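Sequence and structure first, then my notes.

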Amino acid sequence: MSQSEQEQTQPKGLKRFDLQVIASWIKPGSRVLDLGCGEGDLLFYLKQNKGVTGIGIEYRESKVALCIAKGLSVLQGDINEEVLDYQEDTFDYVILSQTLQQVYYPEKLLKSLLAIGRKVIVSFPNFSHWSIRMQVLLTGMAPKNEQLPYEWYNTPNIRVITLKDFRKFTRDQGCKVLKEVAINTHHHNTKGHIVSFLQDWRATYGIFLIGKGDKK
Amino acid sequence: MSEYIEHDIGGVSVGMVEKKYFTFAEPPNPMILESSACLGPITIAYETLGTLNKEKSNVILILHALSGDSHVAGYYSEADPKPGWWDIMVGPGKGIDTEKYFVICSNIIGSCMGSTGPSSINPASGNPYGFDFPVVTIGDMVKAQKALLDHLGINKILSVIGGSIGGMQVLEWVVRYPDMVVSAIPLATTTRHSALAIAFNEVARQAIMADPNWNKGKYYGSSKPNLGLALARMVGHVTYLSDEAMRRKFGRRLQNKSDFSFNFDADFQVESYLRYQGQKFVERFDANSFLYITKAADYFDLRRQHGNGSEAEAFAKAQARFLVISFTSDWLYPTYQSRAMVKAMKKNNLDVSFCEIEAEWGHDAFLLPNQRLSALIRGFLGRNFDELN
């Protein structure tokens, strides 16, 4: 968290700001598994710029097809099941970006990810952002914002997570937080900056780098 | 499969191609088959398209399905009414670009399309083999194809591609000759037939063998078991389509009539279609070849042959990068079978991509124009070509 609160310049080819931060954490030449990889923007960037060997998992056929047509290795399937087939420490990094809030069994999934990857990167929308707190307080209704744009009855985001919640979760799971960054994004998440003051209130997303704990 | 062959809508074609032959395993060196029987000499029909580059790094081997042949794309002559069976996929600028790649399509042994099979002359007797032809396996077919590639001086294949029984050959290639294969695309296929698939094949075989003209395989030079073979083809066609495809294609529509005939003529369009396909098939296919090739497909079991019963162990020797593709409405080789092979590949740390393409046309979807399929294959091949060169 030594990085200053200044606007980050956008690396070529990566639109989403949280992915720019994640990409900056990946060591060149590493093996990466990207869960819920969408159209493969992050994998493509990492392959082109960091010589990364990447695999993506995505359940939507149209997105999978786009990824493979781009020359990426991507499997169509459910992340909860697909992660079970790999051997221990197959990957240097397993990335779960903006998907945790949609996972039914986060404990089980995190355990699987820490088995197949040396390190796990998790990003999620921070539910304790001031705008969300204010909406609940003032309107008394389920909050909506750019990061969580759905109604309560049609949202795929079934888990409500805050930065504090996630820190506690990692402690309970006995794993180590190696790096943690809170970001505030705007312009459809294409621009943003790192937040170091009043993170819990001001961050739209949290990004965590997690390693295996001492005890398994 | 031939009923789908059409001229490319865009009019793009690789142009004129030539059917070529290669003969090997001449006496006294026959090929020893998996059954321990000997076969020789063996002729293989094949076709090549595009140009082999100097580094010999642009070779694509295409393997055909049950009733296919070496004529994958283009035309034999100006007067040809139809191009090769995968003309929509193979040609200049197409999914498999003949401007970029050197494409080889090899016929299988056991076939009646130019390669040695039951309708070929048995040198021992001077008559067609008939049922004296030894039972061949998918492994035997691949061994013969390897002899062809050796003859052509090729020791690295950029990609081995095939659907259905062609896909079985793809899987056999990657485990039998792992050093040669850079990448592989098994389409709409399986590492082993389900009981359902074997059952339909057996019904088809019984239809042929119950035809009095079949005469234990000795019918060359006399009346052929056309009724049995046509019936076998009709059964096959049902398995290649899907409920959705048949509803769309035929529904309950009647054929050239407004009411039932109240006899056993072909009232429904689907009846008429199946009869027509059956009759057309007997003109170009040999009943004994049908028996031998379906048997080879039923025997194919990658786990048993290469993995001591384990799918994961079967792929232990493989080194290729994979693109596995299945189709949503394919109930002959359902997606769960593709997923099982993907799982086994992952367990071996192999680089594998998998996509289940949404298509309503059943098992035959891989032969039909599909932009998504073309884009997937083009992207996958392009990447492998770039990384090899």
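In which sense do strand E4 (residues 91-97) of chain A and E5(A) pair, and over how many bridges? I looked it up, keeping in mind that this is a predicted model. The two strands run parallel, and six bridges hold the pairing. One pair I noted is Ile95(A), whose bridge partner in E5(A) is Ile121(A).

Then I checked what else E5(A) pairs with. Strand E8 (residues 205-211) of chain A runs antiparallel to E5(A), with seven bridges between them. Here Lys119(A) sits opposite Gly211(A) of E8(A).

Why is E5(A) largely enclosed by the rest of the structure? My count was for residues 117-125: eight of the nine are buried, so the strand is largely enclosed.

Last entry, on the contact between the chains. Chain A puts in 15 residues and chain B 22. On chain B's side, the elements giving two or more residues are helix H10 (335-347), strand E12 (352-357) and helix H11 (371-388). H11(B) gives the largest share, eight residues. I also sorted the residues on chain B's side by kind: nine are nonpolar, four polar and nine charged.

Definitions and conventions:
Residues numbered from 1 in each chain as written. Chains lettered and ligands numbered in written order. Predicted model: local features only at pLDDT ≥ 70, side-chain atom pairs only at ≥ 80, totals over all residues. Buried ≥ 20, exposed ≤ 12 C-beta atoms within 10 Å, placed from the backbone. Helix = DSSP H or I, 4+ residues; strand = E, 2+ residues; numbered from the N terminus. Pairing = 2+ DSSP bridges. Contact = placed C-beta atoms within 7 Å. Nonpolar A, V, L, I, M, F, W, Y, C, P; charged D, E, K, R; others polar.
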